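The structure is shown below.

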Amino acid sequence: MIKWMIIFGVIYLGVLVALALISRSKVKNADDFMMGGFNIGYFLGFMTFAATLFSTFTLMGMPDFFRTHGVAAWIFLAVSDGVMIFMVLWFGYYLRKKAGGKEFKGMSGLLVKCYGNKWAGYVYFIGIFLFLVPYVSIQIRGISIFLDAAFDHALPSWGWAVLILSIMILYSETGGLKAIMYSDVFQGILLMTVVWIVAYNCVQNLNGIKQMFVEVKNSNEALLSAPGPKGLFSVQFLIASLIAIVMIPVTQPQISSRLVIMKNQSSMNRMAVAVGCFAILVILPTAAIGMYGAVKYAELSTPDFLSQVLLFDQIGIIAAATMVGLIAAAISTSDSQIFALSGELRSLLKGDEKKVLTTTKIGMVVFALAALIFSLVSSNEFALLARVSFAGTGLLAPMIISAIVTDKKLNMIVVWATALSVVVFILSLLGFIPSQFFGMRLDLILFIVLGLFTAGVVKFGGDQSPAD
């Protein structure tokens with residue numbers, strides 16, 4: 001495996017360097033660097049959207065989620081992602097109208113314009129920073145675990161994390177968004193190929209799909225139904241998760257910005273449908289990997305299970321391809337999100353374009369360091385960490401949708417209610433307040449109350465001038 005790993009790794013780094021240099025040669029201004037020139041076609045848009053959405057978390061978090069909590073994980077993610085595509089089509093249409101074409105620099109700046117108050121942009125920016133940095137850390141921590149296992153503790157986990165982040169920053173700051181998108185094409189194809197090969201091998205090792213489920217039933221029958229052996233997949237959990245995931249195109253800047261930079265509405269629509277198909281095809285094999293783990297490695301820790309099933313149970317060339325695929329996925333998703341955070345910082349800044357771009361690049365390094373620090377202290381519950389990220393950013397959705405969809409002048413009380421909801425949610429995560437009230441999950445309560453409150457303010461609150 002090590003020999004093939006080195007071969008594939010050298011090829012991958014060579015491709016990254018070539019793509020970064022090609023992209024750099026096409027950068028003529030800040031919009032080319034940060035927004036890809038606003039002329040992204042259907043195929044490139046589809047691959048970059050899919051690769052950003054489905055990452056290391058897919059190949060590591062989802063198999064472990066199926067192994068631990070059962071087949072209802074399909075409802076948690078695959079069904080929710082399917083519904084999300086309708087949100088992409090609906091929200092993307094209104095966002096492209098509101099964004100004003102090449103005037104768009106980021107959601108933070110757009111919210112400042114819509115609400116007529118800089119604090120609307122600040123609340124959004126702080127919210128995505130608090131919840132996207134942990135999501136980036138999932139990618140970094142996950143791949144560090146694998147590199148540590150593959151190379152027999154040649155470097156400590158933090159050493160691998162620093163190496164991955166250094167490659168990511170160098171690549172992103174050299175070629176900009178177009179370079180990230182080109183690498184997304186490579187990562188998306190590699191991820192899809194690897195996950196299906198590993199899944200096929202898992203099913204074959206259990207003598208077929210039918211026998212696989214027989215073995216799972218004999219091992220732990222509760223895995224084959226909701227709410228699962230640990231009772232996670234309650235109706236409330238699934239509804240709250242659905243809301244959080246459906247709101248990803250609205251709240252997460254690495255996704256929403258890709259809707260704006262598509263060259264036309266038709267390209268965006270075709271991209272959305274293709275992403276929906278990709279979602280089903282990339283999640284389905286993770287169920288087989290997870291069921292295999294439930295039969296063979298039910299008692300192993302998450303890192304040991306993932307190392308065993310993705311590396312040691314595969315032949316050398318497949319294990320090496322899996323490893324490179326995981327590295328590519330980690331870099332692709334992490335640089336997209338950190339780059340998007342930097343773009344949001346840029347949208348809040350004013351002044352000379354070159355100075356703003358320099359500050360933006362410095363911000364990119366700061367955000368990467370924050371993700372590194374969090375990756376060193378986070379847990380191995382990758383899927384649950386991702387869900388917390390989705391839920392946290394999901395609380396920003398009512399504020400954003402009301403700004404994008406309505407032409408009314410907006411009341412800042414919506415922004416302050418959003419900020420309060422984020423604070424309450426964080427306090428519950430830290431254990432300072434309960435995560436349930438009156439038998440309901442707090443995140444679901446916040447979604448409902450904040451959504452109804454925002455709708456009421458927009459409908460009955462009357463217009464408010466930006467000066468107010």
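## Cavities

In this predicted model, a search of the whole structure locates five cavities of 30 Å³ or more. The largest cavity holds about 120 Å³ of space.

## Lining of the largest cavity

A total of 14 residues line the largest cavity, and those nearest its centre are Met34, Met35, Ser257, Ala340 and Gly343. Two or more lining residues come from each of α2 (30-35), α12 (253-260) and α15 (316-348). Of the elements involved, α15 supplies the largest share of this lining, with five residues.

Sorted by class, the lining of the largest cavity comprises seven nonpolar residues, four polar residues and three charged residues.

## Fold and dimensions

The chain contains 20 helices and two strands. Its C-alpha atoms occupy a box of roughly 65 × 55 × 40 Å along the principal axes.

## Packing and surface

Of the 468 residues in the chain, 58% are buried. When contacts between residues at least 6 apart in sequence are considered, 84% of them join residues at least 24 apart.

Technical notes
Residues numbered from 1 in each chain as written. Predicted model: local features only at pLDDT ≥ 70, side-chain atom pairs only at ≥ 80, totals over all residues. Heavy atoms only, no water. 1 Å grid on protein atoms, 1.4 Å probe; cavity = no way out; pocket = protein on both sides within 12 Å on 5 of 7 lines; lining within 4 Å. Points joined across faces, edges and corners; volume = space filled by probe spheres on them. Helix = DSSP H or I, 4+ residues; strand = E, 2+ residues; numbered from the N terminus. Nonpolar A, V, L, I, M, F, W, Y, C, P; charged D, E, K, R; others polar. Buried < 20%, exposed > 50% of the residue type's maximum accessible area, 1.4 Å probe, protein only. Contact = heavy atoms within 4.5 Å.
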